[in-house]
Structure formats: C-alpha cells, structure tokens
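Here is a short briefing to read alongside the model. Take a look at the sequence and the fold, then follow the notes below.

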Amino acid sequence: MASIDTPAPSAQTDSGQRNFLARLWYNKETRGVLFQILTVAGLGAFIAYITSNAIANLELVGKTFSFDFLNFPANYDINQSLIEYSSKSTHLRAAMVGMLNTLLIAVCGVISATFLGFFLGVLRLSPNWLVSKMVYCFIEYTRNVPVLLHILMIHGLVTHALPKPRAAQEWANIADSIFFTNRGVFSPMPLPQGGFNFVIAAFVLAIVGSFVFARWAKKRQDATGQHLPVFWISIGAFFLLPAIAYVLAGAPLNWDFPELKGFNFRGGFVIRPEFLALWLALTLYTSAFIAEIVRAGILAISKGQWEAAMAVGISRARTLNLVIIPQAMRVIVPPLTSQYLNLTKNSSLAIAIGYMDVVATVGGITLMQTGKEMETMIIVIGFYLTVSLIISTVMNWYNERIKLVER
Amino acid sequence: MSDTTTTERYEPGTHPDMPPPLLESGMIFWVRKNLLSSWTNATLTLVGLYFLWLILPPFYAWAFGDAVFTASDRSECQSLGDGACWAFISERFKIFIYGFYPEPERWRSILAFVLLFVAIGPLLFDKFPMRGKAMLFSMFYPFIAAWLLLGGFGLTPVGTDQFGGMLLNVIVGVTGIAFSLPIGIVLALGRASKLPAVRIICVTFIEFIRGVPLITLLFLASTMLSYFLPPGTTFDLLMRVLIMVTLFASGYMAEVVRGGLQAIPRGQYEASDSMGLKYWQSMRLIVLPQALKISIPGIVNTFIGLFKDTTLVIIIGLLDIVGMGRVSLADAKWAGLSSEVYISIAIFFFLFCFAMSRYSLYLEGKLETGHRN
C-alpha cells in the first residue's frame, strides 16, 4: 500500500524509461487520462466487435441494412388513425400513425392522470377520516398491482361488461346520442361549417386577452393594492367569447350522429375500447403515484407558512394559491416528470390489448412483414428517446422557472 | 342526587377522577371530529359511504356470497351459484405457481425460494446472527439457486422452457435486482466521476436505459440480440431476457445509488482523501457503506417496480403468472372466467408488493432518525 506521493522503490532503481512510465502511472492526472483512454478503447473495441458480428450475421441470412422498406406499401390495416391511412399506404405512413397514436394516449393520459392525481392527493390529506382511508386503499391497491394487469382487467371490463351495440341503443346511452358499447363509445361528431373560423378566432382572442388582462391586473395591484378576480374573468371569457361568436356566425356547426346499422354503430365520433381501456388503466395507475407525490409535496411545506399567511390576513384559498402550492410545486415537479415519462413508456403495453401504437405498428407488424429487426427497432427506440428527451426538457425548463431564487 | 355529589366534601387529593366529558373523547367525539366537523366534511362522509355502499355489497356477493369454491367445470359453477367461480383458480393454482416445472422436482424451487430469504436476511437486517458468514452464503446464493432450478450435477436437468408461473416472475425479478446492484454501483460511481470520458459513457448508458420502455428492450432480446453475437451462437430466450432485465434494472439502480452518493456530505470524501486513501479504498471503506445504507429503501422500491414489470415477459411469449392465467382462460371447460383469474393474480402481486413497500417505509423511518452528518 504505497501512498500516492512517494514513488514505488523499484521505479527509482530501474532505468529512466521505466521511471518515466511509473511516474505517469502514479501521477493522478496522467493516470486519469490513461484510464479514460483505456475505457474508450475498450468500448470502441466492443462496439467494433458486435458491429462486425452483426454484419457477418446479416450476410449469413442474406439481409441488408437499409430503410428502403419504409417506402413500400404496408398491406395492413390500422383500426385507429389520426391521419389518412389505408392498407395501401407506406410503412412510413404506418409508422407515423403508430407514433401519433402513442403521443395521443400519452397526452390524454398525462392530462387526466395529473387532474385525478392532484384530486386524490388532496383528498388523501382531507381531515375526513373515511375519505382519506378510502383514497389510501385505492392508491395502495393501484400502485401495487402491475400496470399490465390493470390494462388487461379494464380491457376485459370494457369489452365484457358493456352491452352490445343493439342493447346499448336501448339502455346504455345518454340522450340517445352518446352510446356505451363493447365496440367503443360512440358520440356525435361536430362538423365545422364555413363560419366556424370566427369561433376559433374568438377562442384565440380569449386566450390572448386573458394573458394581457392578467398582466394588467398584476400591474394595477402592484400600483393600487386592489385585487381583481382574474381567474373567474378569464374563465368567463373562455366560454362567453366563443359562444357569442358562435351565435353571431349563425351556429356554423353540424353534428354527425352515430346510427345503429346492422351489428354496429356507424358515423359519429368513436373512442375504441382499446384506447378507452389503455387510457383508463394508465390514468388510474399513474394518478396513484401522482397522488402520493402531491401529498408528500404539500406535507413538505412547513406549518409556519400557513400560520404566517394567516397572520398577515390572507384568506385560506389565496394562501393555498399564492403560498403553499408554489412552494409545493418545487417538491412535486421533479418526481412528476418521471411519472410523465413512465406513463409514456407504459403506453407501449398497448400491444397486449391490440391498440396500434408505435410498438405494435413498426415494432410489431412491420417488423414481422419485412423482417427488418434492426431498422424497425432503431425507429422505435429513437422515437421513445426523442419523446423522453422532449418531456424532460420541458419539465426541466418549468422546474427552472419555479425554482427558489437564491441571492 | 346531584345535590349529594356536589355537597360531599373530600380531603385535598382524595377526590375520585371525574368521567371525561362525553363530547371531548371516545367514539362520539371521534366521529364528530373526523367525520362531521363541518358541512363539507359531513357531505364528504355521505359521498364516501355512498361509494362504499355501491361497491362493497355487490363485490362481497360476487366474491364470497354467491361464489362457488368446488366444481369440476364452468357449467357446474354456473348451476351452483352466480358469483365468482373460484373452483377454477384452485384447480389451476399449481400451474400458476410453478408453470410447467415437472411435478416431482418442485421441491427444488420451493427450497430455492426458502433459501432466498436466508440469503437476503443478512442484507436487510443488521442484527442478523453471524452476519459476516451469512453474507458469504448470500454471495454464493445465485449459483446455488441456479443449480437447484436448472439441475445437473446429480439433479435431474430441467429446461428453462419449463419455467413458468410465479416461479418465473420471482426468478426474473430477483436475478435482475441481484445482478443490477453491482452494475448500478459502477455506473453511479462512473456518473459521479471526475473523468469526462467515463462520465459521458455512464450518463449515456443510464439515460438510454431510462428513456426506452422495457418492452422495446425485451423485443431487442427476442429479435436482435443474436445478431450481435458471433455467428452460430444461440442461447436461451430466458437467458437473453435476464440479461436485458438486468441491464434495464441497472440503469434505475444507478440513479438510486447516485442519490445515496449525493447524500453523503463532502466532508466524508475530503476526510478519506486526507487519510491518503486511494479512490477505490475510499469508496469501499468510507463512501459506499454509507451511501448504500441510505439507498436501501430506494433499492427496495426499484425491486417492487421491477417485480411488477416482470409481467411484461408475456409479450415476448414467456409464460409467467399472467401468461399462465391467459393460457388457462383458453380452456374450453372453463371459458370466460377472466375476472377470477386477473383478480387472483392482482391479489398475489398486491400482497408481495405491499409487504415490500411497507418494509421500505419502515426502513425510511428508521434511517430518518439515524445520525447522518
């Protein structure tokens, strides 16, 4: 166990060449460089080795490495697509449909899981013993059962417990326009007519207007100390402006109602059972985790903050809004980010119930049809990495913005 | 009567205790405080009770009241009662647990499972008798378990294609955690390293693993991994899955260990430097023992997550407990009993994972009071 600074005795007696090498080895910095060179060389050799293996193996089975297959017709149907798609479309198109389906389930899931999670987290802290314990049971059950099992169970529930379309026509509907069936949930589809752009314009105006108004109200409060109910006025603008525009433009919206034809409904807007099951399962599963995060975040704020706000005479609602939540968010956001990432990644379990996401289209049917394992997996993995990167960048930016400003 | 009690005189200190005021303690007080303290609170209680009334009685009727516990097939179940048909589960119970592991050899898997607890005992409880020697057994346990399960050297060999059911979940989960711990420690140290090349490689690996779903890694294992091996080599699907699950878990493990490393005060690193300890000595003797100790709750949580994720192996065709359930559902004799199957599997997972999460909470509480600085 020679200490760092004294060179090994052998190095002093040996030739100068040896001495030089030994000095290099015992110098902390040069050893660091040497170690890094060795690591990189080792990694490079490993990559070269597996690449040469891959090339040899591909040659052996007579496959080439190219992405040409993306331009060939896909020859398979996808039951849910946000963009124009038929079985004559290319594999590239199929891949895009799959990616959009993944993004759709991720966005819907993140939104609903956040709302449900915050709701459950607050209920868990409720002074009401019964409600708090019920939420506790729900959270513990949901968290401790695999998400795949949730998906399978809810899919079973949706496809077995909901009635067939013909029966739904009779009893499982709301106002004869929304039908709950085992083939999906059917609802009327809005068909915008010519003047509908005015309504959209009014909505955009409401958003921009409420931002401007919020800034103005803040300035006014800073100057005069008077507080305006910004939230309620903005909410009012969101509903009222488009509604007025809608009436003025002469109700430019037609509805396409679903109708029972044969064994199933035709027309209207349909949420397929696969989507519904996946969405519900991911929402429930993730919201249980989010609830625990929210609860921990609110509990992390010291009682003194509540008391201080009370002492300066701020109302309870505004204390929560202006004092507690902004501080709790700092604790909540980092773990919330990883829950969003988890939800996105868990959406790949769609393949178990036949929802056509990116794994089921590119990584499933396209892979089977073309035999291009490597290329398809590169697309799928690249897609997930990109999405993960985007979510973490956005959430990091948000976290940076709400961070405690230290002076 | 009240007159007599108020007028009676006591020597100072001899007055008997008065009963507590009725509205300040006991059942009624508890109900008033926790269920009815305000109008909103009372409303919440009513809503809660309504939900319970909606859910519990029908569920009880289905799962116990009208349930059938012994029957020979589905139609007999239906004739006996219109609740759950648990007879199906009890008939298939052994398949769910062992998969197709041959009947006369099942004692080996039970023995391996029991020895697992002997092996993790000294790791989890610091008051374990003869901890040092027991740790040696823990180190050799994976090889002993592999021998017991696979056979050879005197035991009848069992192919990995016969592994299934809960046995498979436990094998995949335990192997993943056991082997990912050393890899995760190395990755975490690499990520905290001052050498840029090492750090970049480790960060890239960790972020890659954490950025993709386990399913895609399992697909890689089942379709692509053989391309990267020397031509002509093939190896077992279960082995490939175990490798991928280990790599997957090590990415998460690295982050848990990194959290532990960051919680160690700088003074500890500086102290070990000033003692003249080399990097590995200071890590082995000073930093890691402390960092790993506070990482144990995180490691247990990673294990819970991984254990739940072991169900994903059904997607590449291995028959774990969920896979066995789905195979059993295809039996025409018992068709249409998916709720029973899924609920019993859910209960199984819940018991395992809930117990482990309680343990990790207990540990967190225990470590909270320990002196850290």
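Two strands count as paired if DSSP finds at least two bridges between them, and helices (H or I, at least four residues) and strands (E, at least two) are DSSP runs numbered from the N terminus. With that in hand, strand 2 and strand 3 of chain A form a hairpin with 2 residues between them. The model is predicted: local features need pLDDT of at least 70, side-chain atom pairs count only at pLDDT 80 or more, and totals for chains, interfaces and linings use all residues. Residues are numbered from 1 along each chain as its sequence is written, while chains are lettered from A and ligands numbered from 1 in the order in which they are written.

**Overall build of chain A**
- Chain A has 14 helices and 8 strands.
- Its C-alpha trace spans about 100 × 70 × 45 Å along the principal axes.
- Two residues are in contact if their C-beta atoms, placed from the backbone, lie within 7 Å; among the contacts in chain A with a separation of 6 or more, 66% join residues 24 or more positions apart.
- The domain assignment gives domain 1 (9-60) and domain 2 (91-146 + 274-402) of chain A, with bounds that come from an automatic or database assignment.
- The centres of domain 1 and domain 2 of chain A, taken over C-alpha atoms, are 44 Å apart.

**The sheet**
- In chain A, 4 strands form an open antiparallel sheet in the order 1-2-3-8.
- Strand 1 (173-174) and strand 8 (269-271) of chain A are the edge strands, each pairing on one side only.
- Strand 1 and strand 2 of chain A pair over 2 bridges in the antiparallel sense, and Asn173(A) has Phe179(A) in strand 2 as its bridge partner.
- These two strands also form a hairpin with 3 residues between them, where Ala175(A) in the turn has a positive phi of about 55 degrees.
- Strand 2 (178-181) and strand 3 (184-187) of chain A pair in the antiparallel sense over 3 bridges; Phe179(A) stands opposite Phe186(A), and Phe180(A) stands opposite Val185(A).

**Helix 8**
- The 29 residues of helix 8 (196-224) of chain A should span 42 Å at 1.5 Å a residue, and the end C-alpha atoms are 41 Å apart, which agrees; the expected span is 1.5 Å times one less than the number of residues.
- Val199(A), Ala202(A), Ala206(A) and Ser210(A) are buried in helix 8 of chain A.
- The buried residues of this helix pack against helix 9 (230-248) of chain A.
- Just after helix 8, Gly225(A) takes a positive phi of about 85 degrees.

**Where chain A touches chain B**
- The contact takes 47 residues from chain A and 43 residues from chain B.
- Helix 3 of chain A gives the most to the chain A side, with 13 residues.

**Glu59(A)**
- Glu59(A) lies in helix 3 of chain A and counts as exposed because it has 11 C-beta neighbours inside 10 Å.

Notes
A residue is buried if 20 or more other C-beta atoms lie within 10 Å of its own, exposed if 12 or fewer, and partly exposed in between; C-beta atoms are placed from the backbone.
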